[in-house]
Amino acid sequence: AVKLIPDYFTTLAFVTLDESGNREFSFARKPGADLQIMLDDEAKKQIRLAKVFHFGTLSLTEEPARCATMHAVEYAKSHGALISCDPNLRKPLWKNDEEARKWLDWAVSQADIVKISDNEVEFLYGLNEADGAKKLLEEYSSKLVFVTLGEKGCYASNKNGSVYVKGPEVTVKDTTAAGDIFGGAALSRVLNLKKMPDELSPNELKYISGFACTAASLSTEHIGAICSIRDI
């Protein structure tokens, strides 16, 4: 549901693409209406109905959205939802790298399922995809980690094993939202298999990752975010 917040502008994201379709973001917040989210009764009702509670870190950049996000994560945990996180680093929205690292690290520490890019693993921990996933599985509460690797595909890992999977060859026009499409597609397959994230076999990780990589890859053949998944 879309909620109107009087007296606040909608935050705008401006996307620029290079010759290979990779994107950079800039934002207009004054602050934006997205930072005014609250954990009200309607939000709690939706959380209670959810099998998975997925969140990112754009709502952690400022109050009151930061506290609302933290409380929502705790509320979802208390009602039995799996917690999924995509740290989704957008440096222009943070005061500095130190603050960004603090809150991105908090976010992934809360999650059962982490979808994170290789660039974000490097930013947070100075590690490659395999060592980053190992750290999240062994030192955090993570049960399943997907590290996306751009055109190289992804690395997926849980306690039962790890796999590298690559998507189909495509002609890239726009990579905007490919990570979000990967995450949504992966979560749909996890739910479809009706297993806990740490119960999945390496073959199941390969199936989930292959499905997600294919969806994300195909989306890059189209311009835009929402319309790119519609056109697959």
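L60 lies in the loop that runs between β3 (52-55) and α2. In this predicted model, L60 is buried, its relative accessible area being 0%. Apart from neighbours within four places in sequence, the contacts of L60 are R66, T69, M70, W94, W103, W106 and A107. The C-alpha atom of L60 is separated by 29 Å from that of S217, which is 157 residues away along the chain.

Helix α2 (residues 65-78) and helix α3 (residues 97-109) have axes that come within 12 Å and cross at roughly 20°. With angles under 35 degrees counted as roughly parallel, α2 is therefore roughly parallel to α3. The crossing of α2 past α3 is left-handed. R66, M70 and V73 of α2 and E99, W103 and W106 of α3 make the contact. By class, this contact of α2 with α3 comprises 4 nonpolar and 2 charged residues, with no polar residues.

Strand β7 (residues 154-158) is largely enclosed by the rest of the structure, because 5 of its 5 residues are buried. C154, A156 and N158 point one way from β7, while Y155 and S157 point the other way.

β7 pairs with two strands. With strand β6 (residues 144-148), the pairing is antiparallel over 4 bridges, and T148 stands opposite C154 of β7. The hairpin of β6 and β7 has 5 residues between the strands, and G150 takes a positive phi near 65° in this hairpin. With strand β8 (residues 161-165), β7 pairs in the antiparallel sense over 5 bridges. S157 has S162 in β8 as its bridge partner. The hairpin formed by β7 and β8 has 2 residues between the strands.

Terms used: Residues numbered from 1 in each chain as written. Predicted model: local features only at pLDDT ≥ 70, side-chain atom pairs only at ≥ 80, totals over all residues. Heavy atoms only, no water. Axes fitted to C-alpha atoms, helices over the stretch in contact; angles between N-to-C directions. Parallel < 35°, antiparallel > 145°, perpendicular 65-115°, else oblique. Left-handed = near helix turned anticlockwise from the far one by under 90°. Contact = heavy atoms within 4.5 Å. Nonpolar A, V, L, I, M, F, W, Y, C, P; charged D, E, K, R; others polar. Buried < 20%, exposed > 50% of the residue type's maximum accessible area, 1.4 Å probe, protein only. Pairing = 2+ DSSP bridges.
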